[in-house]
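Biologist: I would like to learn how to read features off a model. Please take me through one.

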Amino acid sequence: MIKLLILGAGILLVIVILGTLILIPGMAIFNKMTDKKYNADEKDLLTGTLTTAISSLSATGEVMTTFAVESRKSMPARIFTPNQAGVERLEKGASVLIVETKDGVAYVIPYQELQF
């Protein structure tokens, strides 16, 4: 009886090892074939649009960023201080540059893309 348990444990161990040796490279090959390269423009990572206005320096609004054209992320937003332009409020729909994020809050300033 004990010999059968040891034999069963040995067979199970061999199956697990073989399964691991086959599955891990198989998963790596699958990932290489199916993953799309992500080429994000730096501007896309740092800019967003206000979905909620920021009415004062102490108020909190909401900014939405778009990654790779299809993935969106919304987060609370506040006006970055001190800012050189003296901005104290931002309207809904304004394009903003995310200067930093701290404790889940994006600190933003107005942003206008230059066309050359």
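Modeller: Start with exposure. Buried means under 20% relative accessible area, exposed means over 50%, and partly exposed lies in between (1.4 Å probe, protein chains only). By that rule D103 is exposed, with a relative accessible area of 78%. This is a predicted model: local features need pLDDT of at least 70, side-chain atom pairs count only at pLDDT 80 or more, and totals for chains, interfaces and linings use all residues. Residues are numbered from 1 along each chain as its sequence is written, and side-chain values use heavy atoms, with hydrogens and water left out.

Biologist: Where is D103 found?

Modeller: Elements first. Helices (H or I, at least four residues) and strands (E, at least two) are DSSP runs, numbered from the N terminus. D103 sits in the loop between β4 and β5 (105-110). Its phi is near 55 degrees, a positive value in a residue other than glycine.

Biologist: How many bridges join β4 to β5?

Modeller: Two strands pair if DSSP finds at least two bridges between them. Here 6 bridges join β4 to β5, and the strands run antiparallel. They form a hairpin with 2 residues between them. β4 also pairs with β1, antiparallel, over 3 bridges.

Biologist: Which residues are the bridge partners of L97?

Modeller: In β5 the partner of L97 is I109. L97 of β4 is also the bridge partner of T47. T47 lies in strand β1 (residues 47-52).

Biologist: Is T47 buried or exposed?

Modeller: Buried, at 13% relative accessibility. Contact means heavy atoms within 4.5 Å. Leaving aside neighbours within four places in sequence, T47 is in contact with T65, V96, L97 and Y111.

Biologist: What about charges?

Modeller: Side chains of opposite charge can pair when their charged atoms come close. A salt bridge is a side-chain nitrogen of Lys or Arg within 4 Å of a carboxyl oxygen of Asp or Glu. The count comes to 1 salt bridge. R89 forms a salt bridge with E91, the closest N and O atoms being 2.3 Å apart. E91 is partly exposed, at 45% relative accessibility.

Biologist: Which peptide bond is cis?

Modeller: The one from T81 to P82, with omega near -5 degrees. P82 is in the loop between β3 (71-79) and β4 (95-102).

Biologist: And the helix?

Modeller: I22 is in helix α1 (residues 2-34). I22 is exposed, with a relative accessible area of 59%.
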